[in-house]
Amino acid sequence: MGHGHHKAITPDEHHITPLSVYLKVAGALFALTFLTVGAHAIHHVLGSAAPLVAFAIAGVKAFLVMAYFMHLKYESIENRVVFALGFIFLIVLFVISITDILSRQLIPGVL
Amino acid sequence: MGNAAHGSNYINAEKGLMSWLTSLDHKRIGILYFVTILFFFLVGGTFALLLRLELFAPNVNAAGQAVAGAIFKNGDTYNQALTYHGAIMVFMVIVPGIPAIFGNFFLPLQIGAKDVAFPKLNLASWYMLMIGATMAIATMFLNKVDTGWTFYTPYSIRSSGSVSLMVAAVFIMGMSSVFTGLNMIATIHKLRAPGMTFHRMPLFCWAIYSTSILQVLATPILAITLLLLAMERVFGVGIFDPKLGGDPVLFQHFFWFYSHPAVYIMILPAMGVISELLTTYSKKTIFGYTAIAYSSLGIAGVSFFVWGHHMYVSGQSELAGVIFSFLTMLVGVPTAIKMFNWLATLYKGSIEFTASMLYAMGFMFLFVIGGVTGIMLAVLPIDVHFHDTYFVVAHFHYVMVGGTLMALMGAIYHWFPKMFGKMYNEGMARASFVFVFIGFNVTFFPQFILGGMGMPRRYFDYIPAYEQLNKISTVGSWLIGIGFIIGLISIIQALRSGAKAPANPWGSKTLEWHTESPPITHNFSHEPHVTEGPYEYK
Amino acid sequence: MSTSKMINGVPVQEHFRNAHHQFDTAKMGIWLFMVTEILMFGGLFVGYAIFHMMYPEMFSEGASFLDWKLGFINTLVLIFSSLTMALGIYYTQINQIKKAVIALVITIVCGAIFMVIKYFEYTHKFHMGIYPGNLLDLAKLNEHLTTVGLPTIKSTNLGMYFGFYFCMSGLHGIHVILGMGLISWCIFRAVRGDFNPNYYTAMEGVGIFWHIVDLVWIFLFPLLYLVG
C-alpha cells in the first residue's frame, strides 16, 4: 500500500465545477439567509404563511447545496435515486404517523 | 500474489489468529461471522430452553415450583431471560445471520467479484457487531434488562435495568448492519463480472440486495429512536413520555418503522437461500426467475407500509388500524408468488433428498403455516383477540425459526463443502433435520392452540388448564435442542475428519462452484465471463 | 484482499478494474451512507413536526427564548464553511494542494466558531434554568422572567420543546465535531501528499458529509429559531 511520490500524472476525466459557480452559489445562499431573516421581521404581516415562506427559502437553499456543493447535479442517476429515497421514506413515516395521531379523535367511543 | 501456489486457498494463505482478526478477505470475514453468530445462537438458544423449562408446569404444582425455584426465582428473572432470548436472537443472530455469513462469503463469488466493494468497512462491521454484542452481554452482569427486545415506552424509561447501555449496544449493532447492507448494495451495483447482468444474478443475490436496501433505509430510524429513548432516560426529554405531553405510541410507530422491515431483513435472505437450494437439488431451471427476483424487491417495498399491524391494540386510531390491516395483506402477494414458483420448480425435477433439500422443504412447509397465520393476524378484529397471546408467539417462531433458521441450516450444509473444502456426514445432517423439524412442530404447534385458548405471552406462570399443551411444547424444545446439537457435531466432525470436497459436489450451476473448494484468496484464477443465466440445468 | 497498486497517482485496490471504477464505487458508498444520515436526522424532524402540530403555542413560547441573531450568524458561518469545503476539493482537482489545505483549515475554523457560539447559547440557557425535558427548572426560569419584567411561562410542558432543541442541535453539534475531525484527517493526508487531481476520494466523501451538516442546519435554523 505504499504511497510513493507520484511522477507526472495525466488527469482523469473528473467533472470540475468552475470557481465562479461556487462563488455564485455561495452568494445566493447568503442572500437567501438574509431573505429568511427579512421575512421573519415581517412575520406578523405574513401570518400563517410565514412558516411556508421560511421553509420554501430553506428548500431553495437546500437544493443549491445539494446540486452544486454536493455535486448531485453531475452525479449518476443511481446515486440521485439513492439520496432521494431517504426523503421519500421520511415522508412515509411522517404521513402515516400523523394520520394515526390526527384520527385518534375521529371516531370517539368506538372500541 | 498473482499466481497462488497449487493447493493454496483462503484458509491456509495466512496463519495465526491475528491473520484472521485483521483479514480484509470477504471469505475470512464471513467465517468470523459464522463462528461468532454460532456462539450467540447457542447463548440465545440456552435462554430459550430455560424459558420453556420454566413453563413445563404451572407454579401451583410441586413440579412447577421445583423447576421455578431452580431456574427463575421470580417473574423478574423470567422477564430478563425473555429479554435476552429475544434481543440476542434478533439483533445478534437472525438479522446478521444469513446476510453477514453467507452474503459476505458467497455474494462476491456468485457475481464473479474478487471482494466486496469496501473490504475495510466490511471488517469494521464485524468489529461493530462484536462491540455491540459485548455491551449487550455486559448488561447481564450489571442491571439486567427486562423490557423485552422491543424496549416499549413508557416502561423502558422507568425500568431499573441498564436499558441505556443495551440501547447503545443495539445502536452499534445497527450501524454494523447498515454498513454490511451498504457494502452489499455497492458490490452488486459495481463489482459484477463481465456479462453478469442484473438478470443473470443468482436469486440469492437478489434477496441480499433487497435485504440490504431495507438495512440501509430502515435502520437509521431505529438508531434515532433508540437515541431518543436513551435521552429520555437521561434527561427526560418528554417526546415519548405522557407526563410531558409526549406520546408513547409514537415510540411504537418509530420502532416498528424499523422493526417491521427488519422482519423482512430476517426472512428475505432465507428466501434467497431456498431459491438456490430448490433449483440445485431438483436439477431444474428455476421456475419464474424474474417473478422471484422482483417479488423480493416487492416485499421490501411493501414492508415499509405495514408496520402498524403490530399496534392494533396500542391506542393507535381505528382508521390507522383499518388502513394497516388492508396494506398488510398485500405482503401475502409477493410471498405467495415466491412459494408457487418454488413449487413449480420442483415439478418433474430430479429431486435429491440431501440434508439441505430436506431443510429447504421444511422451510416451505413451516413458512406457509407461519405466513398464513400472519395473514390471519393482519385481520384487525382477529388480532384484537389474538394479540399478545401465544398464537402470535407461535406465528413468528414459524417464520423466524421455521423459516429463517431452517434456511440457515440448509445454507450451512449446502455451502459447507465450498467454505471448508470438506464433506460432512449426510446421515447425521439428515438426523439433525428430523429432530429439528419434528421438535419444532411439537414445540410451536401447541402454542397456536394455547393462544386460541387465550394464554398470554411473556408470563412466568399460567393457569392449570394450559398445562398439558405446555408440557408437550417443552418436550418439543428438547428435541430441537438435540437436533441442533447433532448438527453442531456433524459440522465439527466434518471439520476434523471430513473427506476432501470436490469443487462442485452438488452439480450446481452458480459461479461459486466454478472455483476450487475452498476458494483461492482471489476467488477465481481468471475473471469469469458470464454468458447465461444462473440456473441453466436443462 | 485489499492490496493496492499505484496507477497514475491513484492507489487502486486490486478488486477494482481501474481508478474510475474505484471512485464510482466509493461515491455510491458515500451516498448510501449519507442517506442514513438524512433518515436519522429526519426521524427527529418528523417527531418535531408531529408535536409542533399538537402543541403550537408551547413551541412558539419555547422558540421565543432562542436568539435568532446567533442562529443567523451561525447559518452564515456554516454556509461559508461549506463554500471553503467545496473550494478545498476544487483546488485539489486543479492540483493546487496548498490552496486546498488553506481552504480546509478555514473550514475547520468556521466549524470551531460555530461550536463556540453554540457553547455560549447553551450556557446562557443553562444559566436561566433551561434544560431539556424534565430537567427544565421552571421556578428558576420564572424567577428570571419576573426580574426582567417578562410574563411567566404559560405552557405546562415547555420541557419538551427544549428536549427537541437540545437533541436536534446537540446531534447536529456532534456531527460538526465529527466533521472537523474528518477534515483534519483530510488535511493530514493532503499535507502528506496523498491527494492529486486523480485521487481525492476521501476529501470528496468528507465534503459531502460536511455539506449534509450544513443542509441539516439550513432547516434547523428556521425550524428552531424563526417558526417555533
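**Reading the contacts and folds of a three-chain model**

Me: How many residues does the contact take from chain A and from chain C?

Reply: Two residues are in contact if their C-beta atoms, placed from the backbone, lie within 7 Å. On that count, 45 residues come from chain A and 46 residues from chain C. This is a predicted model, in which local features need pLDDT of at least 70 and side-chain atom pairs count only at pLDDT 80 or more, while totals for chains, interfaces and linings use all residues. Residues are numbered from 1 along each chain as its sequence is written, and chains are lettered from A and ligands numbered from 1 in the order in which they are written.

Me: Which helices of chain A supply the side that touches chain C?

Reply: Helices (H or I, at least four residues) and strands (E, at least two) are DSSP runs, numbered from the N terminus. At least two residues each come from helix 1, helix 3 (49-69) and helix 4 (77-103) of chain A. Helix 4 of chain A gives the most, 14 residues. By class, this side of chain A has 29 nonpolar, 13 polar and three charged residues; Ala, Val, Leu, Ile, Met, Phe, Trp, Tyr, Cys and Pro count as nonpolar, Asp, Glu, Lys and Arg as charged, and the others, Gly among them, as polar. Chain A as a whole has four helices and zero strands, and 24% of its 111 residues count as buried (20 or more other C-beta atoms within 10 Å of a residue's own; exposed is 12 or fewer, partly exposed in between).

Me: At what angle do helix 1 of chain A and helix 3 of chain C pack?

Reply: Axes are lines fitted to C-alpha atoms over the stretch in contact, and angles run from 0 to 180 degrees between N-to-C directions. Helix 1 (residues 19-41) of chain A and helix 3 (residues 68-93) of chain C pack at about 170°, with axes 10 Å apart. The two helices are therefore roughly antiparallel (over 145 degrees; under 35 is roughly parallel, 65 to 115 roughly perpendicular, the rest oblique). Residues in this contact include Tyr22(A), Ala26(A), Leu29(A) and Phe30(A) from helix 1 of chain A, and Phe72(C), Leu76(C), Ile79(C) and Leu83(C) from helix 3 of chain C. An α-helix has 3.6 residues a turn, so residues three or four places apart point the same way. The helix pair's contact has 14 nonpolar, three polar and no charged residues.

Me: What does chain C bring to its contact with chain B?

Reply: Chain C contributes 29 residues, against 37 residues from chain B. Helix 1 (19-54) and helix 6 (158-192) of chain C each supply at least two residues of that side. Its largest share, 15 residues, comes from helix 1 of chain C. The side of chain C divides into 14 nonpolar, 13 polar and two charged residues.
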